[in-house]
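The exercises below are meant to be worked through with the sequence and the 3D view side by side. Try each task before reading its solution.

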Amino acid sequence: MILLVVLVVALGGLMHFARSFSAGDGTSSGTAMSFGYLLLTAFFVGTLFKQLRLPRLTGYLAVGVVAGPNVLDLVPHAAVDNLQLSTGVAVALIALTAGTELEFRSMRPLLRSIGWITLIAIGGTVFLLSAIVLLLRPLLPFMQQMSVGQSLAVAWVLGVVTVAQSPAVVVALRKETASAGPVTSTVLGVVVIGDLVVILLFAVASMLARSTFGASAGFEETAKALAWELLGSLVIGVIVGMVLAIYLKRVKAGAGLFVLTTCLVVAEVGRRLHLDPLLVALAAGVFIRNVSSVGDVLHHEIEASSLPVYVIFFAVAGATIHLDVLAKVGIPAVVIVLARGGGLLFGTRIAAKIAGAPESVQRYAGFGLLPQAGLALALAMLFAKLFPEFGDEAGALTLGVVAINEIVAPAIYRVALVRSGEAGKDAPAHAPAPEAGTSSQPSA
Amino acid sequence: MIAPRWTSMVVLIGLLLAGSTVARADDAGTLAPDEHDVLDASAGDAEPVPASTTSEDAAAQAPIDAGADATDEPTDEDDSVAEELEDAGAEVDAGTDEVEPTPASSTEPPPSDDPAAPALEDVPIAKPPTVEPTERPAFVIKTILGLLGLLALAYVGGHPRVQQWERKLGVAQLVTAGFPFVALGLVARAPSVGILTDSVLAALGPLLRVGLGWIGFVVGFRFDARMLANLPKGMGTLVSVRALVTFLAIASVSIVVLRLVGALPAWPWSDPMLLRDGVILATAGLLTSRTTPSLLEKRGGHPESVSLVQKVLCLEEIAGVFALLVIAAYFRPHGAGVSWQLPATGWLVLTLGAGVAVGLVVYAILLQSVKTNAESLVLILGSVAFASGLAANLRMSPVVVCFVAGLLLANFPGEYKARLGETLERLERPVYHLFLVVVGALWRIEDGLGWGLMVAFVVARLFGKAIGTRLGAASGGVALRPDGRRALVVAPIGALSIAVVINARVLYPSGSTSIVTPILGGAVVTELLIHALTRATARENGDGPRPASSGEGAA
């Protein structure tokens with residue numbers, strides 16, 4: 001362990017040494033260096049965290065936070081921006097993985113639980129969080145000038161934004177802990193469906209809120225944008241899934257690279273077209289798993305190259321956490337985090353009981369809904385853009401909530417997976433045949 | 001099964017496809033702010049102008065000639081001239097930024113109007129805007145069609161009948177060597193195609209640096225120091241004489257061609273830039289493709305010849321990397337963007353030190369925490385990216401720094417090598433082919449001087465290697481068999497040679513673009529020469545024609 005610490009320090013020293021030569025922030029060399037530095041250091045710290053019985057991905061996040069622009073500034077803002085390309089690919093790859101794990105036939109027994117949890121835990125927590133935001137109104141300067149109607153609408157939007165979950169963290173932790181069982185499957189199903197629900201709710205809530213501020217950027221326009229984002233993403237996702245399935249079935253060789261390429265195309269093109277890359281890749285994965293016969297092949301191909309993708313994704317995510325914001329909105333953010341946690345845990349327990357889910361699901365599934373990452377951040381930024389009058393301040397609050405959940409929740413969910421007894425139970429059923437040189441995920 | 005090269009090509013096209021979205025978006029919008037950066041910085045890497053040029057002349061040349069203030073050593077006076085010019089509205093802003101260092105009087109043609117500059121310049125990377133809603137349907141259709149196109153290309157490219165045609169047409173060796181990827185880069189860069197635009201190339205800048213580092217790392221990792229202990233008698237002399245003669249032949253011919261045919265006939269013979277370009281070409285030319293021994297073996301060469309050729313090439317690689325180290329240390333940029341001023345020997349030590357430091361860190365990691373292939377992948381990718389970025393950031397050579405790191409890892413004790421080698425092998429072709437696409441995009445094929453230089457380069461290299469091999473073998477007392485001698489003389493140009501010139505272009509982005517053609521064009525010509533020679537030899541021996549690919553993959 002001491003050697004690992006020494007190595008981390010040595011890498012930091014080298015990074016500092018190189019950056020003292022020229023302020024090449026955001027340049028090609030600076031970006032290449034930051035990529036390598038984050039990959040290596042996050043990998044190390046992840047290993048250290050594993051030895052401390054914490055999730056590796058919390059280690060990756062911690063590296064991003066500490067080395068990022070808010071603390072040591074070894075990886076500057078501009079480099080973090082440039083690395084968003086790799087995080088885009090990572091999101092698509094993670095969503096593709098999540099999609100391939102959603103096999104409707106095997107999930108049929110869990111559908112009832114998933115439906116109830118989505119309705120009660122997620123839906124209920126949205127209302128709870130909206131109420132909490134209203135109660136916190138005296139502590140939130142941007143809400144003090146608003147009318148009651150406006151406050152209600154904005155509180156609803158904030159409730160939706162802050163309830164968002166993270167399929168990325170759920171998938172990464174499932175892989176890291178090699179978990180399998182009803183809790184793992186239920187959580188995955190809920191966060192994926194929850195994502196769709198949150199996107200839909202956000203569109204409706206933000207449209208309503210904008211109308212209370214006199215914005216006439218009409219219903220039709222917003223509905224079109226929403227339809228494009230949701231339906232367009234799903235349809236294009238199915239087409240992408242078909243292309244991938246044909247490639248995996250007919251061409252086969254180099255499938256791993258083809259999958260990565262597709263993820264890159266999905267991420268880059270999707271972002272510029274205002275599609276949701278997460279939904280596109282998710283739909284592709286679901287299509288391949290449930291309609292084609294190459295679901296296992298795809299899963300295996302993704303496994304081979306997924307570790308660097310996860311490492312860089314979470315490290316960059318950590319580097320984008322705005323610690324400075326936390327200081328400003330600390331108290332309300334902590335209150336919202338606690339309320340969100342309580343709402344999701346309690347709601348899941350009740351919903352799982354109503355659905356007659358196994359005891360382990362009742363007790364532990366709620367913890368899987370706590371982590372937040374990409375979607376919540378994206379919605380927070382979108383919120384700031386939609387409401388320029390107060391969006392920055394409100395955005396700071398949501399970013400603060402996401403930051404806390406991003407750091408703390410993965411460790412909690414990991415403990416839950418271990419306690420549920422599902423950690424380490426994932427047999428390599430997805431791998432059709434081990435291929436030389438393409439083994440392994442890190443163990444828990 | 002589809003051939004790996006086609007698979008990689010499919011991936012590359014995919015990447016280009018993604019890149020094209022950036023291009024289209026750029027075209028749709030107004031000039032992105034970052035494009036100003038690109039232009040500024042391109043000028044910023046100002047190189048000296050002819051000594052006769054006055055500041056007034058320079059002002060008259062602005063904004064093209066950003067090096068108006070660059071004469072010998074930059075002085076306060078020079079800076080003040082630049083400031084005055086700036087104040088006067090002349091666009092010489094970058095003249096103070098990065099000036100070619102020169103031990104003596106230096107003159108250089110005005111910075112070339114290099115369309116590939118964005119990938120070479122170390123400037124902030126452009127941010128592409130989003131696509132307008134009205135353009136989205138066309139965009140989506142194009143993307144889907146692109147993906148289907150990739151699929152079709154992969155299927156057709158891997159078809160046995162297509163591969164049979166390649167062999168019949170005699171282009172199989174060029175295809176195997178990765179030249180279709182260079183061609184792909186060239187085509188994608190063409191204005192009528194418009195895929196690899198300035199902004200896309202700028203976004204691929206980090207990849208170019210990582211590609212350079214990757215080649216250096218792979219070459220270093222394949223060097224087994226134990227070979228040095230078993231060198232036959234006279235081998236040192238053979239390699240030294242051969243390398244020296246080849247080096248001198250290419251350098252002198254290149255300098256003469258550049259001086260006589262180059263853009264500025266007023267270029268003095270003593271100009272360090274002239275020397276620099278000559279030395280870069282000579283360094284690239286003295287290197288030989290790693291695949292030469294296996295090619296010789298395929299042709300039925302004697303095992304002794306194969307072994308000897310292998311050792312010669314290994315030692316030449318060391319010489320080539322050393323030459324690159326010296327070039328990067330002695331021709332340093334300096335100016336506002338660079339905060340350290342060290343003597344050249346300091347840079348030599350620093351470059352080696354950086355390589356050693358990275359090598360030691362990676363070694364420690366390998367011993368400590370790498371247990372699986374996935375972890376090995378993270379480590380290799382991270383290490384090469386970090387080392388390449390670090391080197392490029394310090395204006396050192398990524399090839400050299402990564403070579404040193406790879407060399408150490410190959411020769412330190414430990415059981416990690418098999419896994420590391422496997423990981424390197426798995427990623428080698430995709431990385432190399434992607435690198436070739438970017439290289440193709442940087443290649444200014446319409447440059448007449450480059451082609452003239454290419455002819456001189458190929459001839460000088462051939463004669464240099466022939467005379468050097470003969471002299472070296474004679475003075476070292478090494479008995480060379482005819483097959484071994486032929487392999488050493490008509491030797492294909494390898495990945496490391498390409499890396500040397502591209503590395504030079506990264507280090508001196510506004511330098512002469514003409515140095516790329518001799519290596520890329522020369523590589524094609526040499527391949528064809530080898531193919532013809534093999535067929536002729538086979539006919540002489542009464543054998544059927546054998547496949548004669550140099551099979552250059554990576555490094």
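This is a predicted model: local features need pLDDT of at least 70, side-chain atom pairs count only at pLDDT 80 or more; totals for chains, interfaces and linings use all residues.

**Exercise 1.** Find how many residues of domain 1 of chain A are in contact with domain 2 of chain A, and describe that side of domain 1.

*Solution.* Begin with the count: 24 residues of domain 1 of chain A are in contact with 24 residues of domain 2 of chain A, where a contact requires C-beta atoms, placed from the backbone, within 7 Å. Next, ask which helices (DSSP runs of H or I, at least four residues, numbered from the N terminus) contribute: α2 (28-51) and α3 (56-67) of chain A each supply at least two residues of the side of domain 1 that touches domain 2. The largest share of that side, ten residues, comes from α3(A). Then sort the side by class, which gives 18 nonpolar, five polar and one charged residues; here Ala, Val, Leu, Ile, Met, Phe, Trp, Tyr, Cys and Pro count as nonpolar, Asp, Glu, Lys and Arg as charged, and the others, Gly among them, as polar.

Residues are numbered from 1 along each chain as its sequence is written, and chains are lettered from A and ligands numbered from 1 in the order in which they are written.

**Exercise 2.** Determine which residues A:Leu38 touches, not counting residues up to four places away in sequence.

*Solution.* Applying the contact rule to A:Leu38 gives A:Val63, A:Gly64, A:Ala67, A:Val75, A:Ile312, A:Ala315 and A:Val316. Then turn to the largest nonpolar core, which has 304 residues, and in which A:Leu38 is one of those that touch the most other members, together with A:Leu39, A:Cys263, A:Val311 and B:Val401. Such a core is a set of buried Ala, Val, Leu, Ile, Met, Phe, Trp, Tyr and Cys residues joined through C-beta atoms within 7 Å.

**Exercise 3.** Locate B:Arg299 and decide whether B:Arg299 is buried or exposed.

*Solution.* First, B:Arg299 is found in the loop between α15 (292-298) and α16 (303-330) of chain B. A residue is buried if 20 or more other C-beta atoms, placed from the backbone, lie within 10 Å of its own, exposed if 12 or fewer, and partly exposed in between. B:Arg299 has 20 other C-beta atoms within 10 Å, so B:Arg299 is buried.

Methods
Two residues are in contact if their C-beta atoms, placed from the backbone, lie within 7 Å.
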